[in-house]
Amino acid sequence: MPPAHDAASSRAAKALLSVALMLGGTVAAIGATTGVAHAACGTTNVALNKPATSSSNENGNLTPNKAVDGNTATRWSSAFSDPQWLQVDLGAVTDVCQVVITWQTSYAKAFSVEVSPTGAAGSWTSIYSTTTSTGGTQTLTVSGSGRYLRVYGTQRANNYGYSIKELAVYSGTPVEPPVCPTPPPANPTLPPNFIVFDPSMPASTIQARVNEVFAAQESNQFGAQRYVLAFQPGTYSGINVNTGFYTSVIGLGRNPDDVVINGDVTVDAGWFGGNATQNFWRSIENLSIVPSNANNGDRWAVAQAAPMRRVHIRGKLNLAPNGYGWASGGYIADSKIDGSVGPYSQQQWYTRDSSIGGWVNGVWNMVFSGVQGAPANSFPSPPYTVLPTTPVIREKPYLYQSGGAYNVFVPNLRTNAAGTTWSGGSTPGTSIPLSSFYVVQPGATAASINAALACGRHLFFTPGIYHLNQTLNVTNPNTVILGEGYPTLIPDNGVNAMTVADVDGVKIAGVLFDAGTANSDTLLTIGPAGSAASHATNPTTVQDVFFRIGGAGPGKATNSLVVNSDNAIIDHIWAWRADHGAGVGWTVNTADTGLIVNGDNVSAYGLFVEHYQKDEVVWNGQGGRTIFFQNEMPYDPPSQSAWRTGARGYAAYKVADSVTTHEAWGMGSYCNFNVDSTIVAEHGFESPVTAGVKFHDLLTVSLGGKGTIAHVINTTGGPAQGQNTVPVYLVSFP
């Protein structure tokens with residue numbers, strides 16, 4: 001495993017604020033309580049590749065530098081006697097707040113962690129000690145200062161030596177809590193780009209405003225404009241809501257049928273010559289549509305980051321652009337389509353917990369879980385992957401109106417789900433008044449947002465661009481963070497955009513993380529390093545959350561999403577290292593990994609991860625599952641050796657060798673090495689070979705013969721090659 005994927009490094013605890021914060025603006029809604037002081041541990045492993053020494057080595061291969069190289073496949077091991085020590089020179093006197101030790105099976109039953117300013121005998125101070133260690137990965141919260149740090153073992157757990165796979169050290173100091181200012185009035189005014197229609201308006205007035213937004217957004221792929229088109233409960237006739245970039249079309253009823261559009265909500269690809277593969281960043285939610293053309297149905301020809309949720313199509317649904325041009329990838333959840341769904345040219349698609357009147361065809365892989373009316377499982381001919389239920393899920397929170405006031409509804413958790421949440425009545429769950437939220441508008445600072453979070457407020461992000469000079473720290477359980485209109489969070493000066501504590505029930509939905517020009521270690525982290533609490537009854541959810549590295553301009557982030565908390569649910573993400581736009585190039589928009597999962601029993605539904613430069617998904621936790629995965633390998637490695645030396649490329653989806661239980665369905669990876677078409681990727685998927693790790697319905701494909709994927713998974717299946725763009729299928733592994 002390469003250094004960037006070291007679990008200890010990627011699971012480091014994140015920093016909290018250190019100043020008392022004043023909240024600006026007129027729409028903040030926060031409480032007046034005071035937060036709690038926390039320790040701010042940095043995100044960087046300060047021991048990584050630093051000089052290391054030891055009391056002894058078992059042999060010439062098991063040397064101390066192997067314990068600080070960021071690679072848990074290597075290790076240091078001592079002679080078979082007591083005491084023994086491993087020491088690292090941090091390079092300067094450092095405040096140490098956390099030490100993570102990953103032991104091999106030969107661990108220390110009794111040991112201490114010590115620091116020293118000089119490393120000389122008699123200068124060591126113990127900052128942690130135990131006589132009852134059980135090995136494994138130990139995350140130790142400590143407090144001490146020194147240039148040198150050592151692990152000093154006094155009793156071995158067996159007859160062998162002490163053996164450490166990885167020693168990670170994190171620095172930081174205590175910080176003061178933010179202070180809550182006085183809350184302003186409830187129900188703030190929404191900004192002008194949050195456009196609300198009511199059924200008393202003339203259709204011509206609505207259509208003119210909708211057309212104005214679409215004219216601005218039809219081809220505005222990397223612009224700064226953001227919009228919400230919101231429809232109050234009632235019936236609207238004779239309108240066509242063409243939906244462009246960064247536009248969310250939502251109904252404000254409690255349930256989808258509270259808003260009826262006799263007309264269309266349309267996405268087509270005329271702006272791009274009939275090619276729908278770049279129809280990103282738009283959404284439709286919580287309304288019903290009676291299509292104007294019963295034969296053709298409503299057209300929703302989208303690609304990534306363009307979800308359809310809680311929609312009732314009273315007729316047919318067409319997922320292809322006019323002319324059936326290229327289209328690849330999309331997502332539907334909690335929706336009902338009375339007629340048939342025609343994907344036509346869509347290569348891959350995921351539909352979850354919905355009801356459909358039929359499904360017309362499949363190209364490479366159509367994936368269904370919990371869909372009433374889905375076709376029978378028949379992969380690869382036709383290419384249908386069908387699961388009768390979705391194991392555990394909570395639908396995305398949504399905005400609605402009641403009595404003229406805005407509320408956010410949070411649906412209940414479901415297990416073995418099938419069909420919509422609203423087919424038998426209103427969606428079960430909890431309503432939260434918008435007055436309990438800090439309504440974030442353009443111009444809000446990271447300090448004001450953190451103050452609201454520290455005071456126990458939820459966040460509602462309105463459409464806009466938000467630059468962050470501090471990490472947003474979510475520390476309270478059950479916090480809801482909801483965005484509409486693709487609010488975009490950009491970390492400045494290399495900070496990480498957002499971290500979430502290891503608490504119950506945080507919900508993050510509807511935001512776009514856009515990497516800044518200075519490299520961030522991780523854009524979004526769920527749970528600090530070493531998180532171990534069970535959240536089975538109230539998991540954190542990440543839904544319609546998107547990550548972008550470059551495209552709108554140069555951006556860099558080593559990791560996009562790191563999940564350390566157990567039981568978390570990832571429900572539709574697109575993590576994208578841009579292959580086009582501004583600030584794009586092998587050494588310009590650098591990014592190692594889209595998703596790292598270290599928590600146990602994590603579920604991912606609708607996982608889109610593309611173009612990262614190393615293993616694109618790394619799964620280290622036990623008991624994980626993925627239903628639907630779409631990937632494209634990086635287009636732009638300049639050569640085989642520039643991509644990776646010593647091996648032929650990286651995997652699209654890697655399950656760590658230590659994992660014994662994992663299952664995945666409906667997985668696809670493509671290559672399009674358009675800079676050097678001679679490049680070979682060894683495999684699309686990498687996995688330990690064990691009975692508890694299972695893959696179902698895999699495919700790899702070379703797009704137009706630009707490069708080769710030699711095997712589907714490990715050394716099985718393949719090769720994907722040649723100009724005919726024909727997938728290589730694998731029904732199961734092992």
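Trainee: Leaving aside its neighbours within four places in sequence, which residues is Glu484 in contact with?

Mentor: Contact means heavy atoms within 4.5 Å. With those sequence neighbours left out, Glu484 touches Phe194, Val228, Ser248, Ile250, Glu285, Phe460, Phe461, Thr462, Pro463 and Gly510. Before we go on, note that this is a predicted model: local features need pLDDT of at least 70, side-chain atom pairs count only at pLDDT 80 or more, and totals for chains, interfaces and linings use all residues. Residues are numbered from 1 along each chain as its sequence is written, and side-chain values use heavy atoms, with hydrogens and water left out.

Trainee: Where is Glu484, and which side chain of opposite charge is nearest to it?

Mentor: Helices (H or I, at least four residues) and strands (E, at least two) are DSSP runs, numbered from the N terminus. Buried means under 20% relative accessible area, exposed over 50%, and partly exposed in between (1.4 Å probe, protein chains only). A salt bridge puts a side-chain nitrogen of Lys or Arg within 4 Å of a carboxyl oxygen of Asp or Glu. For charge, Lys and Arg count as positive and Asp and Glu as negative, while His and the chain ends are not counted. Now the case: Glu484 sits in the loop between strand S34 (480-483) and strand S35 (488-491). Glu484 is buried but has no salt bridge, and Lys396, the nearest side chain of opposite charge, is 4.7 Å away.

Trainee: What about Arg299: buried or exposed?

Mentor: Arg299 counts as buried because its relative accessibility is 18%. Its place is strand S15 (residues 298-299). Check its polar contacts too: pairs of N or O atoms within 3.5 Å, where within protein one must be able to donate a hydrogen and the other to accept it, and residues adjacent in sequence count only if both atoms are side-chain atoms. A polar atom of the Arg299 side chain lies 2.7 Å from the backbone oxygen of Ala320, and one lies 3.5 Å from the backbone oxygen of Pro321. Leaving aside neighbours within four places in sequence, other contacts of Arg299 include Val265, Asp268 and Asn322.

Trainee: How many residues of helix H3 are buried?

Mentor: Eight of the nine residues of H3 (residues 446-454) are buried, so this helix is largely enclosed by the rest of the structure. Among the buried ones are Ile449, Asn450 and Leu453. Their cover includes strand S30 (437-440), strand S31 (458-461), strand S32 (465-468) and strand S33 (472-474). After H3 comes Gly456, with a positive phi near 85°.
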